[in-house]
Amino acid sequence: MVHFVGAGSGAADLITVRGARLLGEADQIIYAGSLVNPELLEYRKKGCLVHDSAGMTLEQVIGKIKEAEDKGMETVRLHTGDSSIYGAIREQMDFLDRLGITYDVCPGVSSFCGAAASMNLEYTLPGISQSVIITRMAGRTPVPERESIASFAAHRATMAVFLSTGMLGPLSEELIRGGYEKDTPAAIVYKATWPDEKKMLCTVGTLKETAAREHITKTALILVGDAIAHNCYERSKLYDPAFTTGFRTGLADEKGEHKDEAGNY
């Protein structure tokens, strides 16, 4: 059996209870050493085999899993953040399907969630943005043209940009070309929730210079949108005294009527 486990955004105690249990039961752990906090390995039991996948190919990872399976051993494949986001797990699953090896997935706290927590942000502020776009700049791994930064920027929604810290000049240009103003609020969060975390508020137009000033070249998440500044948002209808929900009746307005969950009288 193979368990794909999301390690969380950085801090070792942000792994899920289930993830920690699976680490403690594993006979073999294959972890992304370039990104996963090594403190998580302290959950392992005595005698557990540990392999750092940073220097391994897909075939080598599968080879280690196959060796463990042939011996009746259980493997945890430990990925940074949540493995469903840029985790390259589908190709591993397809290999395992061909080999007849069973697997499951334990979710983790993604860095875009960790970054929001570190900066006390709500990405989906009423009247500002009700959508979060998770994306990345095209690099050695291409991005479909229909998913270009500029095309997403046209929505002016909150955006979390992964794997793009080394391309902040072109990123700013694409964001502005798509529709964000130069002074649109932005943030750079380096190693969110790690002990050496850095968080910097800036604007779309000053992303590159802000990162250069702080010597940030990798392992950072870029956040963009008016929700980053959390100004001029509307109060949530859910907790509005005049708003009726399935759990409470709102205060009557001057007509003696109530609003339902859709805002209708």
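Predicted model: local features only at pLDDT ≥ 70, side-chain atom pairs only at ≥ 80, totals over all residues.
1. Residues are numbered from 1 along each chain as its sequence is written, and side-chain values use heavy atoms, with hydrogens and water left out.

2. Tyr123 has a ring partner. The centres of the Phe112 and Tyr123 rings are 6.1 Å apart and the planes meet at 25°, so this pair is stacked (rings of Phe, Tyr and Trp, the last by its six-membered ring, pair if their centres lie within 6.5 Å; planes under 30 degrees apart are stacked, over 60 edge-to-face, and the rest tilted). Phe112 belongs to helix α4 (residues 111–118) and Tyr123 to the loop between α4 and β6 (132–136), so the pair ties together parts 11 residues apart in sequence. Helices here are DSSP runs of H or I with at least four residues, strands are runs of E with at least two, and both are numbered from the N terminus. Phe112 counts as buried too, at 15% relative accessibility.

3. Asn120 sits in that loop between α4 and β6 as well. Its phi is near 55°, a positive value in a residue other than glycine.

4. How many aromatic pairs does the structure hold? There are three. One of them is Phe4 with Tyr103: ring centres 6.0 Å apart, planes at 85°, so edge-to-face. Phe4 comes from strand β1 (residues 2–6) and Tyr103 from strand β5 (residues 103–106), so here the link is between parts 99 residues apart in sequence. Phe4 is buried at 0% relative accessible area, while Tyr103 is partly exposed at 23%.

5. Rings also meet charges. The charged end of Lys191 sits over the Trp194 ring, 4.2 Å from its centre, and Arg98 lies over the face of Phe95, at 4.6 Å from the ring centre. To qualify, NZ of Lys or CZ of Arg has to be within 6 Å of the ring centre and within 35 degrees of the ring normal.

6. Now the cysteines. The structure holds zero disulfides (the test is a pair of cysteine sulfur atoms within 2.5 Å). For Cys48, the nearest cysteine sulfur is that of Cys106, 16 Å away; Cys48 itself is buried, at 10% relative accessibility. Cys202 is buried at 12% relative accessible area, whereas Cys232 is exposed at 75%. Cys232 lies in the segment after β10, and has a phi near 60°, a positive value in a residue other than glycine.

7. Helix α6 (residues 168–178) is worth a look. Which of its residues are buried? Leu168, Gly169, Leu171, Ser172, Leu175 and Gly178 are. Those buried residues pack against α5 (149–153), β7 (158–162), β8 (185–190), α7 (207–213) and β10 (220–224). Just after α6, Gly179 takes a positive phi of about 150°.

8. His51 is in strand β3 (residues 49–52) and is buried, with a relative accessible area of 18%. Neighbours within four places in sequence aside, His51 is in contact with Gln28, Ile29, Ile30, Tyr31, Met56 and Lys64 (contact means heavy atoms within 4.5 Å).

9. Finally, the whole chain. The protein has seven helices and 10 strands, and its C-alpha trace spans about 75 × 45 × 35 Å along the principal axes. Of the 265 residues, 44% count as buried. Among contacts with a separation of 6 or more, 62% come from residues 24 or more positions apart. The protein exposes about 14100 Å², of which carbon and sulfur atoms supply 52% (Shrake-Rupley method, 1.4 Å probe; for residues, only the protein chains shown count as cover).

Methods
Buried < 20%, exposed > 50% of the residue type's maximum accessible area, 1.4 Å probe, protein only.
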